[in-house]
Amino acid sequence: MKGKEHWTRKGDVKLFLWQKPAAAKPRGTIFFVHGSSMSGRPTFDLEVPGRPHSSAMEWFAERGYDTWTMDNEGYGASDKSRPINFDISNGADDLEAGSSYILRETGAKKLLLYGISSGALKAALFAQRHPERVARLALDAMVWTGEGSPTLEQRRKRLAEFQSKTRRPIDRAFVRSIFERDHPGCADSATIEAFATAILAYDDSVPTGTYVDMCSKLPLVDPAKIRVPTLVMRGEHDGIASIEDLLKFFALLPHADKQFAVMEGISHASFQQKNYMSVYHILHSFFTLPDPVYRA
């Protein structure tokens, strides 16, 4: 399935978007938001030989969805020229520009929004700012306050280093470490290597801003202000957040249409795990939930 490049602007900043459309009239428009250490296409449109439906964008497009992702400023094909660390609030600004373009281009009224890791924080902050643009919100590998997070506990040991520069280098060993830090074995080596190859084709360094935010500025979103249907997705072995932290976040979401899913055998990068089809199923089920006949 062929994808299509799009470009939009956030002021003077040029932002790259990638689309894989449905074959017929779409049943919805999905906007996928990437995390801290990789751009959009490697995360959501990854091809791995012998791994069917490896591209989440293609899988959802085959089921009738118009699928989009973007490279946040500082990542992939998007502008990297400004001397800033491209933090989570800046990423939510990117989503404002990207969503405006998608809604204008497609004629959709609202978006189905999915974010993973720091992308979940960007998506949540964007939904908090612009609930009128979001039909449904899915937050995967989310962290709220950071309390009880072994991953952030380790990352904070390098906080001064991250604060001292705007970018950090990444390489193949780093990408492998994403899958080794929580529960080795949740992803197969062929997928990890294909993911690393795809990431490094676009970036050899990534911004520090999301790491600084997640280590020193949490919480960045207020669940009480997220007034859209919301799904919180938590990998069984994900060390980015404790389940207690996420359940407290979930309890404060005001919309009656909300779900909390624990994904068996999943660590952090859920679409690249061995159990990725379970992740697709959970997300697809949430996105296809019929509107209620009755509301109190």
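A residue is called buried when its relative accessible area is under 20%, exposed when that area is over 50%, and partly exposed in between, using a 1.4 Å probe and protein chains only. By this definition, strand β3 (residues 28-33) is mostly covered, with 6 of its 6 residues buried. The structure is a predicted model, in which local features need pLDDT of at least 70 and side-chain atom pairs count only at pLDDT 80 or more, while totals for chains, interfaces and linings use all residues. Residues are numbered from 1 along each chain as its sequence is written, and side-chain values use heavy atoms, with hydrogens and water left out. Helices (H or I, at least four residues) and strands (E, at least two) are DSSP runs numbered from the N terminus.

- Strands are taken to pair if DSSP finds at least two bridges between them.
- Strands β3 and β4 run parallel and are joined by 5 bridges; G28 has Y65 of β4 as its bridge partner.
- Strands β3 and β5 also run parallel, joined by 4 bridges, and V33 has G115 of β5 as its bridge partner.

**T67 in strand β4**

- T67 belongs to strand β4 and is buried, because its relative accessible area is 0%.
- A polar contact is a pair of N or O atoms within 3.5 Å; within protein, one must be able to donate a hydrogen and the other to accept it, and residues adjacent in sequence count only if both atoms are side-chain atoms.
- A polar atom of the T67 side chain lies 2.6 Å from the backbone oxygen of K20 and 3.5 Å from the backbone oxygen of M57.
- Contact means heavy atoms within 4.5 Å; leaving aside neighbours within four places in sequence, T67 is in contact with W18, Q19, K20, I30, F32, M57, F60 and A61.

**The loop between β4 and α3**

- E73 lies in the loop between β4 (65-71) and α3 (88-106), and E73 counts as buried because its relative accessibility is 1%.
- The side chain of E73 makes a polar contact of 2.7 Å with the side chain of R82.
- Not counting residues up to four places away in sequence, E73 touches a set of residues including K10, D79, F86, N90 and P207.
- F86 is found in the loop between β4 and α3 as well, and its relative accessibility of 3% is why F86 counts as buried.
- The phi of F86 is near 55°, a positive value in a residue other than glycine.

**Other backbone features**

- S117, in the loop between β5 (111-116) and α4 (118-129), has a positive phi of about 60° although it is not a glycine.
- With a relative accessibility of 10%, S117 counts as buried.
- The peptide bond from L218 to P219 is cis, with omega near 0°; P219 lies in the loop between α9 (209-216) and β9 (230-235).

**Helices α3 and α4**

- The axes of α3 and α4 come within 8 Å and cross at roughly 60°; axes are lines fitted to C-alpha atoms, for helices over the stretch in contact, and angles run from 0 to 180 degrees between N-to-C directions.
- Residues of α3, including I88, L95 and S99, meet residues of α4, including S118, L125 and R129.
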